[in-house]
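Please read it alongside the sequence and the coordinates.

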Amino acid sequence: MSEAIAGVIAETWNMETTLGETFVDIFIPLSAALGIAFALYQWSVVSRVKLTAPLSVYGLEDGQSENVDQQIAEIQHAIATGATSFLTTEYKYLAAFMAFFSVLVFLFLGSVDKFSTAWRPCPDNPAQQCAPSLANAFFTTVAFILGALTSTLSGYLGMKIATYANARTTVEARRGIGPAFVVAFRSGAVMGFLLAANGLIVLFITIVLFRLYYGDDWRSLFETITGYGLGGSSVALFGRVGGGIYTKAADVGADLVGKVERNIPEDDPRNPAVIADNVGDNVGDIAGMGSDLFGSFAESTCAALVIASISSLGQTHNFTAMCFPLLVSALGILVCLFTTLFATDWFHVTEARHVEPQLKAQLLISTVLMTPLVLGLCYLALPASFTIVVAGEEADKTAQNWQIFFCVASGLWGGLLIGYVTEYFTSHAYTPVRDVADSCRTGAATNIIFGLALGYKSVIVPVFAIAAAIYLSYAIAAMYGVALAALGMLSTLATGLAIDAYGPISDNAGGIAEMAGLGADVRERTDALDSAGNTTAAIGKGFAIGSAALVSLALFGAYVSQAHVTNILITNPQTFVGLLVGAMLPYWFSAMTMKSVGKAALAMVDEVRRQFDTIPGLMEGTARPDYRKCVQISTKASLNEMLPPGALVLLSPIITGTLFGTATLAGLLAGALVSGVQMAVSASNTGGAWDNAKKYIEAGVSEHAQSLGPKGSEAHKAAVIGDTVGDPLKDTSGPSLNILIKLMAVESLVLAPFFVAHGGLIWGKSK
C-alpha cells in the first residue's frame, strides 16, 4: 500500500510545472498586447512620411514634374480603391459561404448523438461526464466563425497597410535606398505583428471562455477549438485562390502585351492592365498570404491542443502545460519584436547589395534567439515527464520536458534550412537562376525546360528537412511532437510575415515610381528592393509549405485518434483507394486554378490589345488608358473562378468520409499530403526562378547579364514568357496547395465524430 501511495505521489509531482496558471493568464495576453502596440508604433513611424512633402526635401530627378506628389497620391488612391473594392466584394461571397458552412458544421456534429442536450459518460473514461453533442456542435460552430472572422481581418488589415505604405516607400526612394527599405520593412512588420498577436489573443480568449462551460471535460473543449483552425483555413483558401487569379490574370495580360508585343517597360502608365496588376499584389500576395499563414498558426496550435487533451497533460488538467503551444507563439512575438529592431533601428541599409542579406539576417537572428528561450520554456512550462496517446498502439509514449525542446527546434531550424535552400534556387545571386537566365539565349522553350528542372530539383532538400523533423519529433513525442515541430517552424511568424509582406509593398512602390515618371535612379532603387522581395517571398512560401506538411501530418494523427482508425495499411483496399485518389487531388486542383488564370488572362490580353489598337495617342502617351475595365475583368474572373476549386477541397473529405468511411478518408488525406507538398515546392520555386531570371537580365548586374540584355532583346522576351508561365505557378496554384492539404485535414478532424457515427454508407464503417 505504501509503495502504491508513493507511486501516486511521484506521478503527481512529475506532472507539476514550475510556472503556474497565473503566469499563463498574464504572459499570453501581455505578449499579444506588446505585439499590437509595437505594430501601432511602426505604423506611426511610417505615417510620418507625407505624400505631400515639399519637393525640395527630396530634390527633382530627370523626368519629374512639379505635380509629382499629386500623381503619386492619385496612383496610390487608385490601387487602394481597387483592392478595397475587390476584397469587399470577395468578403460578401465569403459571408454567404460562412453562413452556409456554419449551418453544415452544426448539423453534422449535432446529429452525432441526435442533438442530445444531456451530458453523457466519456467514451475513454466512463467515470467522467462529457458534454452533449448539441453543445459540441454549437461551440465548434462558434469557433469556426471566430477563426473565419480573424482570418478575414488578417487579410484585410494586411491589404490596408500595404496600400498605405506603397506610395510612402516610393517617396522615400527619392531620398535613397535605405529610407525606402525601412518604410517597406516597417510596414511589413505592422502586418506581421498584428496578425500574430490577433490570432494568439483571439484563440486564448476563446479557450478561456469555452472552459467556463466545459469545466473538466477538456477533451470536448479542445475538440471544439479545432473549429477555429477550420474557419481560418477556409477563408485562406478562397483568399489565396481568388487573389491569385486576380493578380496573375492582370500580370500575364500586362506582360504579354506590354513587354513582349509593345516593348514598353514594366508598370508603364500606358499599359491598361498596370493598375489591376498592382492591385493584385495586394489582394493576392498580401491579403491571401496573411490569411494563409494565420490558418497555419491556428491549425498547428489546434492540432497540438487536441492531441495534448487526451494525453496525461489533459487528464491531469494541467492548464499551463496544455497551453505550451500558445506560450511558444507568445514567446515568438517577443523574439520577433527584438529581431525587427536590427533591421529598422540598429543596422542600416546603404546600398542595394545590403538589402537581401539584411532580410536573410532577420530569419537567422530570430531563429538563434528563439532556440535557447524554447529550451527554458520547456523546463518551466512542462512537467518533468508526461505520457502521450499513440493512435493504433496500446502503450502510451512517455516524453521528458527537455526532449520536447528538440521537437520545437527541429521545426525551427528545419524552416530556416528550407528558407535558405529556397533562396539558393530562386535568387539570381546563385548559379541555378543564372543558368535559367542563360538558357534564354535560345528562346522561351529552353527557358521553360531549365525552369521546370530547377523546380523539380529544389524539392529534394526541403523534403529531407521535413522528413528529418517528422522522424525526430515523432520518435520523441508521437504526433504531439510533430505538431510542436510545425509550431516551431511558425514560432517566428511575425518576422516571416514582415519579410513576406515587404516584397509586394516594394513591388508596388516600383510600379508607382514608373507610373509617376520618376527618374531612373529611383526606379533602380525600387527594382533592387523588389528583386530582394521576390526572393524573400519565395522563402515565405517555403516556410508556409514546410509548416503545412507538418501541420497536416499532426492533424492527420489527431483525426486518426478521433476517428478510431487502427487499420491504416496500404494492403487495405479502402486505404489504398483513398491514397490513390488523394494523390490525384492536388493535380485536379492545380489544373482548375491554372486554367482559371489562363481564361482570365485571355480576356485581359484581348482587352489590353483592344485599347492599344483603338485609343488614339495611347502608345504616344498623349491619351489615358481605361484602367477600370481591366480591374473589372480581373475582379469578375477571380470571383467566378475561385468557387469550383474551393468546392473541390471542401467537399472531398465530406463525400469520402460519408460514403466510404474513415479508413478511406485517412488514405485520402495521406495521398493529398504526399503529392501536394512536393507539387507546391516545385511550383513555387519554378515560378520564383523564372521571375528572378527575368530581373537578372533587366538589371544587368554582371557582364553575363549584360550580354543577355538589354530590355527588349530576344533573350529578355524569352525570360518574360518564362516569368509569365511561372506567375500562376508561384502565386496561385503553388501557395494554394498548402492550404488544400491543411484544410482537408482539419475539416476531417472537426467532422470526425460525424464520420464515425454515420460514415461509410457505401463501403461500410472502418474502425
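**Helix geometry and packing**

Helix H6 covers residues 218-261, and at 1.5 Å a residue its 44 residues should span 64 Å; the end C-alpha atoms lie 63 Å apart, which agrees. The model is predicted.

- Of the 44 residues of H6, 40 are buried, so the helix is mostly covered.
- After H6 comes Asn263, which has a positive phi near 55°.
- Helix H16 (residues 493-515) has 23 residues, which at 1.5 Å a residue should span 33 Å; the distance between its end C-alpha atoms is 34 Å, in agreement with that value.
- H16 is also mostly covered, with 21 of its 23 residues buried.

**Helix pairs**

- Two packed helices are described by the angle between their axes and the distance between the axes.
- For helix H10 (residues 324-346) and helix H11 (residues 355-381), the packing angle is about 145° and the axes are 9 Å apart.
- H10 and H11 cross in a right-handed sense.
- On the H10 side, the residues that meet H11 are Phe324, Leu327, Val328, Leu331, Gly332, Val335, Phe338, Thr339, Thr340, Phe342 and Ala343.
- On the H11 side, the residues that meet H10 include Gln358, Gln362, Ile365, Ser366, Leu369, Met370, Leu373 and Cys378.
- The contact of H10 with H11 comprises 16 nonpolar and 6 polar residues, with no charged residue.
- Helix H5 (residues 177-214) packs with helix H7 (residues 274-309) at an angle of about 35°, and their axes are 11 Å apart.
- The crossing of H5 and H7 is right-handed.
- H5 contributes Met191, Leu195, Gly199, Leu200, Leu203 and Ile207 to this contact, while H7 contributes Ile286, Met289, Gly290, Phe294, Phe297, Thr301 and Leu305.
- By class, the H5 and H7 contact has 10 nonpolar residues, 3 polar residues and no charged ones.

**Individual residues**

- Ile28 is located in helix H2 (residues 21-47).
- The relative accessible area of Ile28 is 0%, so this residue is buried.
- Beyond its neighbours within four places in sequence, Ile28 is in contact with Leu200, Phe204, Leu326, Leu327 and Ala330.
- Of these partners, Leu200 is also part of the H5 contact with H7, and Leu327 is part of the H10 contact with H11.
- Ile28 and Ala469 are separated by 441 residues in sequence and by 27 Å in space, C-alpha to C-alpha.
- Ser590 lies in helix H18 (residues 573-614).
- Ser590 counts as buried because its relative accessibility is 8%, which is under the 20% cut-off.
- Not counting residues up to four places away in sequence, Ser590 touches Met679, Ser733 and Leu737.

**Cysteines**

- The structure has 0 disulfides.
- Cys407 is in no disulfide, and the nearest cysteine sulfur, which belongs to Cys378, is 8.3 Å away.

Conventions: Residues numbered from 1 in each chain as written. Predicted model: local features only at pLDDT ≥ 70, side-chain atom pairs only at ≥ 80, totals over all residues. Heavy atoms only, no water. Disulfide = S-S within 2.5 Å. Axes fitted to C-alpha atoms, helices over the stretch in contact; angles between N-to-C directions. Helix = DSSP H or I, 4+ residues; strand = E, 2+ residues; numbered from the N terminus. Left-handed = near helix turned anticlockwise from the far one by under 90°. Contact = heavy atoms within 4.5 Å. Nonpolar A, V, L, I, M, F, W, Y, C, P; charged D, E, K, R; others polar. Expected span 1.5 Å × (residues − 1). Buried < 20%, exposed > 50% of the residue type's maximum accessible area, 1.4 Å probe, protein only.
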